[in-house]
Structures are given as C-alpha cells and as structure tokens.
Amino acid sequence: MSCTTILVGKKCSYDGSTLVARTEDSQNGVFTPKKMAFVSPKQQPPVYRSVLSSFEMMLPDNPLAYTSVPDALGKDGIWGAAGVNEVNVAMSATETITTNARVLGADPLVASGIGEEDMLTLVLPYIHSAREGVLRLGEILEQYGTYESNGIAFSDENEIWWLETVGGHHWIARRVPDDAYVTNPNQLGIDYFEFNNPEDYLASADIREFVSKYHLDLTYSNEHFNPRYAFGSQKDKDRHYNTPRAWFMQKYLNPEIEQDPRSFAIPWCRKPYRKVTIEDVKYVLSSHYQDTVYDPYGPEGNAQTQRSFRPIGINRTSQTALLQIRSDQPKEISAIQWMSFGAMPFATFVPFFTQVKDMPDYFTNTNEDVSTNNFYWMNRLIAVMADAHFYQHEASIEDYIERTMALGHAMIHDVEEALAAGESVNLTQKNQDMSDAIQQETQLLLNKVVFDASNLMTNRFSLSD
C-alpha cells in the first residue's frame, strides 16, 4: 500500500486541535472500495485472527467503541485504517514506509506477524491516550513482529505521536512538536531522536543496543542520532515516488523556504508560516504539483517532467480521513472525523461526530458494484469522467468542494452553539443531515460533470438539426 500523511500540532492548527490526516492509496492497478463503520464493544472479537498472515491473538475483554474505515469487501481482512474511540483517542494505520538491507539483516520481517490489516483493530479499542497507543502497539510488535514496514499516528486532544517500525520487532516513536506539522510520504521519516527523553521519544527497550551492535548509526560522533539514516532508505525510487510529496506539502505550508524535490534532507517536521486549516490539509492531500512543471494536468513542463513524480492526489486513493480532536469543546463533540473517498482532487471532506452509535448509510453501504447510492462510488464516477478534461471541470469541482466544506463547518458551529445554549442535540441525526446534504450536492455535481463531459466527447460535431 502507498499513502501520504500529514500531522499538525495543536499550537499551529487554526483552532488549537490536533490534526491527523492520511490518504489510503491502493497498489498500482488496484482500487479498494472503502466504507465507514462504527464498531461497538459487542462487535469487537475476543480472539483476533489475521487474513493475510497466520497471526492470532486473544484480545482484552473490555474494548471501547470506535469508528473505522474498513475495506468494504473484507476479502483481505479488516484494514480499519482510521478512527476515533469513545474516549476521543484517534489512530491512523498505516503509512507504508521504507527501510534498508542492514536493518532487515539484523531484524528480519516476520511472515506470521501483524500488518496494516490488523493494527487499528488490535490497538484503538484499548487505549486512553495517544501515548498508550504507542506503548500498546510497541508491545505487540516486540512480541509478535510485523511482516511489513509501517508508520502509525496516534492523537488525543493534547498530543500527536508517530511510530515507525524498525525491522521485524523494533520500533521508534516521536511526539510531534505542538508548534509544527509533519509530512510523511512512504518513507521512514523521523530525522531526529533523543534516547534519554521519554517525554518526547519512545522506542523498543533494546533500541540503543540494537543500533550499536549492528552498526546502524551513520551519523558522526558529534551529531544527533538520525533514525532516517540508520533505518530508512535513499533509493532512486524515493526521489521520484516519495520525497517530492514532502517537498510540495512543505512548499505550500512554508513558501518562503527553497528545497529540492529530490532531496533526502527535507525535514520531517517544520513550523508553518501561519496556522494550518482543514482546507490546507485538503489542498496538500489533493496535490498534483499545481503551478509547477511536474503537474500532469498543467500547461507547464513537458511529457517527461509531468510524469516525473508520483502525485499526492493519485487516482488510486481509496479513502482519506482527517481526525480532529479539540480541547475546547464538550467531550461528546470534541472529536470530528472528516471523510473523503476516491481521488482527492475531485472529492470533498465531510465531517462526522464520532460519539454516536451508527454512521449514515450513504457512507457505509459500499459494495463491489459501481453505484450512485453511496459516496465511495459517486466519487469514483466523478473522477473518472472529469479526469480527461480536468480544467474544463475544475471550476465546478472547486465550487462543490467549497460549498460542501462550508456546509460541514456550519453544521459543526450549529451543534456547538446549541450545546452551549443548553439544548439537547442528536448527533446521529446531525451526521445523517450532513450525509443527506452531501448526497444531494454530489448528485448535482455528477449531473453537471456528465453533461459537460458529454459536450467534450471526441465524436462531437458543431452542426446539428
């Protein structure tokens, strides 16, 4: 799997919330239908069994309820992807990352271990803080191992943590600075680590001995330890598939800084030039290198440059979840899960309150057949038709995104004001109302795109009777 992650600390987000967002992108040539889900404690299995490996584990008997975004068909397992539990702790799992032969030779991947398929289900229902999430997943990794290299985000109203697996059984984690954002594009990203600062850095118990024994530290003695050098990769593929994505996100959030899109020195985190909004996250996760020679839709560059780099807003995005945890609101509305399905340049973000008992059918009824009765397939249809004449449809899509996201913000404000006034609010109904409005707006966009695309067909002719 290939994904793109952005994390925004509470002191640089527009409203003081923690923001965790990730596109979930299928492999090339694969399009994985996704849906939203609410998992009650009774639905959580007492014994967990993987589909893609032989992993099996008894689970604690006191799970919390949580939201998730599982695969709609389930043939490869759950793949819960992103969610918030009933105590407003969020998890996004996972960002596939890179490693190197030195690490894999010292601690090989474990075929019978856990992977992206499993992690959300094994961890999110049992944690009460972001730090607890790191420690629980770390314990499972050390005991059972993993068959792939991944990065995982945890957040609560106070902090965000980012964990990266190192080989089969080892891991490191860093607390995201409150005044910074993080960009992570399918690479092991952490580039600074302090072994003696458990407030901000955590790792498997023997990480220092592991690094020393296998000569993994590539920094000089007078420099700080750089996990990216020790555990990550510097491949030609990274220069075209990974680093340009970090470059574009940082170019947008720090336009005053000049960087090379192929550089291996693009920092893991930065302080943005201004505070970051939901719309900023939407924009960078929709990126196709706008206003550069690398834009496949753009007038600049040529056939070679326009295909040089892998876009962030790629065609095979299955879902994108932005997990927002706010500290200035009542607990029942402090967590918001913004959802998008399909290719991000053509899709919108829709907010849902997570402290409910169910999610709207329009977002949960995805199946294998293309249909206009669910949000996943509607977005796929719009993207497929609009792609060929991107700029002719761009204004309609931009108007749709702005209008629908404005509806989302308005819904959130209405609920906040009602609760502040002492009124009772049915959050399940508010989510349903939001879904109904999005369904109507998305149908109108589909109507418009079909009409405009019909007039742009190759077999058109100007004369008619």
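Visitor: Is Cys 269 buried or exposed?

Guide: A residue is called buried under 20% relative accessible area, exposed over 50%, and partly exposed in between, using a 1.4 Å probe and protein chains only. Cys 269 has a relative accessible area of 19%, so it counts as buried. Cys 3 is buried too, at 0%. The model is predicted: local features need pLDDT of at least 70 and side-chain atom pairs pLDDT 80 or more, while totals for chains, interfaces and linings use all residues. Residues are numbered from 1 along each chain as its sequence is written, and side-chain values use heavy atoms, with hydrogens and water left out.

Visitor: How many disulfides does a search of the whole structure find?

Guide: A disulfide is a pair of cysteine sulfur atoms within 2.5 Å. The search of the whole structure finds 0. For Cys 269, the closest cysteine sulfur is in Cys 12, 9.7 Å away, which is too far for a bond.

Visitor: How many helices and strands are in the chain?

Guide: Both are DSSP runs numbered from the N terminus: helices are H or I with at least four residues, strands are E with at least two. The chain has 12 helices and 17 strands.

Visitor: Which residues does a cis peptide bond join?

Guide: The angle to read is omega, which is about 5° for the cis bond between Ala 93 and Thr 94. Thr 94 belongs to strand β8, residues 90–96.

Visitor: What radius of gyration does the chain have?

Guide: The radius is taken over C-alpha atoms, and the globule rule is 2.2 Å times the number of residues to the power 0.38. For 465 residues, a compact globule would have a radius near 23 Å; the chain has 22 Å, which agrees. Of the 465 residues, 60% count as buried.

Visitor: What share of the contacts is between residues 24 or more positions apart?

Guide: Contact means heavy atoms within 4.5 Å. Among contacts in the chain with a separation of 6 or more, residues 24 or more positions apart account for 70%.
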